[in-house]
Amino acid sequence: QEAETELKIKYKDILYTPDIKVNIISYRALNIYVRGEVSRPGLYTFAGLNTNNIMSSTANEMDNSQVIQPNVDFKKVSLFEIIAKAQGVSNYADLSNVIVFRDNSKTNGGGRVKASINLLSLIENGDQSQNIRMFDGDTVYVPKGKMMLKDQILKINKSNLSPEQISIFVTGNVENTGNQIVRQGSSLNQAIANSGGRKIFSGKINFIRFNADGTTTKRSFNYDESAPINSKKNPILMSGDILDVNRSIFGNANYAISEISRPIINSYGLYKIFTD
């Protein structure tokens, strides 16, 4: 409509009552930037569509049936789709206040505008009015909440907004060390169980998380199999978290003795040393 209006103004000194119609042949790609509490911030591109409305003919050969064809077959991209493309949100995301920045059209005054979207309402209540259509040049900002909300995290992780699985690393005194693939929304206790559980003589848990802002969260605590999900001793995990299960003092001593004595003495000989 803006193009038609602009052309009519340009042609009014040449044509009497110019009647100009603009028809879209193809739609350019949508470039949308996502930042904040998402797993993969950055620029995302969604391909446009070629409508193929106009045949390869000269202007003199085309009749109105070939030229003026209303077309609404364009690529629509939603806010939910954009955040899912960025591989979901972190456990600290505030989805009740997602900010969208947009270039305003000339018809509406130009400039740049922003709006606050309650995307959590879509996840909790199916309110699709919050799942707005995205435009080329939009920027999406997912802010960080003041705290991790257990109920929100579990609802998000049950939806298709985030990937089904995450990758963490478990090391130390467990049955199976190394990279572990666990379900989105898994807690520390569930991940340790997934690694085969702790071995005998286990000590404290070292929990390490590399945050998106470049900082590192480190905590050391005693293992508590009854700790509630999303508590300090049983946090909901994020991709990249590291769990290190220490050995107890007795476990370290026992491990050291076994490593030293293994080549030269058997368990009976070791028993004799401590009993003589």
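Start with strand 8 (165-172) and strand 10 (202-210): each gives at least two residues to the lining of the second largest pocket. Strands here are DSSP runs of E, at least two residues, and helices are runs of H or I, at least four, numbered from the N terminus. This is a predicted model, where local features need pLDDT of at least 70 and side-chain atom pairs pLDDT 80 or more, while totals for chains, interfaces and linings use all residues. Numbering runs from 1 along each chain as its sequence is written, and side-chain values use heavy atoms, without hydrogens or water.

Now select Val38, Ser39, Ser90, Met238 and Ser239, which lie nearest the pocket's centre among its 27 lining residues. A pocket is an open set of points on a 1 Å grid where a 1.4 Å probe fits, with protein on both sides within 12 Å along at least five of seven lines; lining residues have an atom within 4 Å of a point. Its volume is about 560 Å³, meaning the space filled by probe spheres set on the points, joined across faces, edges and corners.

Next, pick Ile83. Beyond its neighbours within four places in sequence, Ile83 is in contact (heavy atoms within 4.5 Å) with Val38, Gly88, Val89, Leu119, Val142 and Leu161.

Last stop, charges over rings (NZ of Lys or CZ of Arg within 6 Å of the ring centre and within 35 degrees of the ring normal). Select Arg102 and Phe135: the charged end is 4.3 Å from the ring's centre. Then try Lys144 over Tyr92, at 5.0 Å.
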